[in-house]
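Have the viewer open as you read along.

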Amino acid sequence: MDEQLAGWSDPAARLREALQKDEFTLYCQPILALRGEQRYPMAEVLVRMRAEEAALLPPGEFLPVFEHYGMMPQLDRWVLRHVVEQLARGSRIPRFTINVWGQTLQDTTFPAFAAAQLRAAGVAMDAVMFEIDESDVLARLEAAARFGSAMKAFGGGLLIDGFCRRSVSFAPFKTLRLDYVKVDGSVIRKLLASEPAQTK
């Protein structure tokens, strides 16, 4: 935390100010379809924070601070709101995945907020998919199940990130009705040369 907090006399206040003043920039990482007419059916949304000198801070420099102060739900709301605004204006990519943090899984008001944002903008409910890291699901199974059920109730999609990163667990599949699974890169890179990776 020390490096991230350097120069911020009141980190929580600085983060609240950044949210109020929209001091973030969104990027998207297109996901290529192996078949079908739509070459890029979806894209993952990435967030960067603008520093005072107009440089962009990488996630590792500000996300740990948000997490330390329990403010990840506020950031996730900011990202969702701006993604929905982009979809409402029109987008060549019809669907976006948004990373949702463990703290947000425990925020029981977030699913209703997401549904309200999409309805108000006239955006299809399945235009946004919520991406959850496997480690967050395993650490918060009950909260993840509640979150997933609420999201599915209004038509939102769910995706697990980091599957097989640490160990093979099928708990997320039992807890959530997943649409997609993102297998960790460490498995994919070894797929052709490692028998254990093929077994997974």
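A salt bridge here is a side-chain nitrogen of Lys or Arg within 4 Å of a carboxyl oxygen of Asp or Glu. This is a predicted model, in which local features need pLDDT of at least 70, side-chain atom pairs count only at pLDDT 80 or more, and totals for chains, interfaces and linings use all residues. Residues are numbered from 1 along each chain as its sequence is written, and side-chain values use heavy atoms, with hydrogens and water left out.

**Salt bridges**

The salt-bridge rule gives a count of six.

| Pair | N to O distance |
|---|---|
| Aspartate 136 and arginine 140 | 3.3 Å |
| Arginine 14 and glutamate 23 | 2.7 Å |
| Arginine 77 and aspartate 107 | 2.6 Å |

Aspartate 136 is buried at 15%, while arginine 140, at 21%, is classed as partly exposed. Salt bridges with shared partners also tie Arg14, Glu17, Lys21 and Glu23 into one network. Within that group, arginine 14 is buried with a relative accessible area of 10%, and glutamate 23 is buried too, at 16%.

The bridge between arginine 77 and aspartate 107 links distant parts of the chain: arginine 77 belongs to helix α4 (residues 72–89), and aspartate 107 to the loop between α5 (102–105) and α6 (110–121), 30 residues apart. Helices (H or I, at least four residues) and strands (E, at least two) are DSSP runs, numbered from the N terminus. Arginine 77 is buried at 18% relative accessibility, and aspartate 107 is buried at 15%.

**Pockets**

Rolling a probe the size of a water molecule over the atoms shows where empty space is left. On a 1 Å grid over the protein atoms alone, a pocket is an open set of points where a 1.4 Å probe fits, with protein on both sides within 12 Å along at least five of seven lines; lining residues have an atom within 4 Å of a point. Grid points are joined across faces, edges and corners, and a volume is the space filled by probe spheres set on the points.

The largest pocket holds about 300 Å³ of space. It is lined by 14 residues, and Leu26, Tyr27, Cys28, Gln86 and Phe96 are the closest to its centre. The elements giving two or more residues to this lining are β1 (24–31) and α4, with α4 supplying the largest share, five residues. By class, the lining has seven nonpolar, four polar and three charged residues. Ala, Val, Leu, Ile, Met, Phe, Trp, Tyr, Cys and Pro count as nonpolar, Asp, Glu, Lys and Arg as charged, and the others, Gly among them, as polar.

Next comes the second largest pocket, with a volume of about 250 Å³. Its lining includes Ile31, Pro41, Leu159 and Lys182. Strand β7 (residues 180–183) gives the largest share, three residues. This lining has nine nonpolar, no polar and one charged residues.

**The chain overall**

The chain has eleven helices and seven strands. Of its 200 residues, 44% count as buried. With contact meaning heavy atoms within 4.5 Å, 65% of the contacts between residues at least 6 apart in sequence join residues at least 24 apart.

Note on methods:
Buried means under 20% relative accessible area, exposed over 50%, partly exposed in between (1.4 Å probe, protein chains only).
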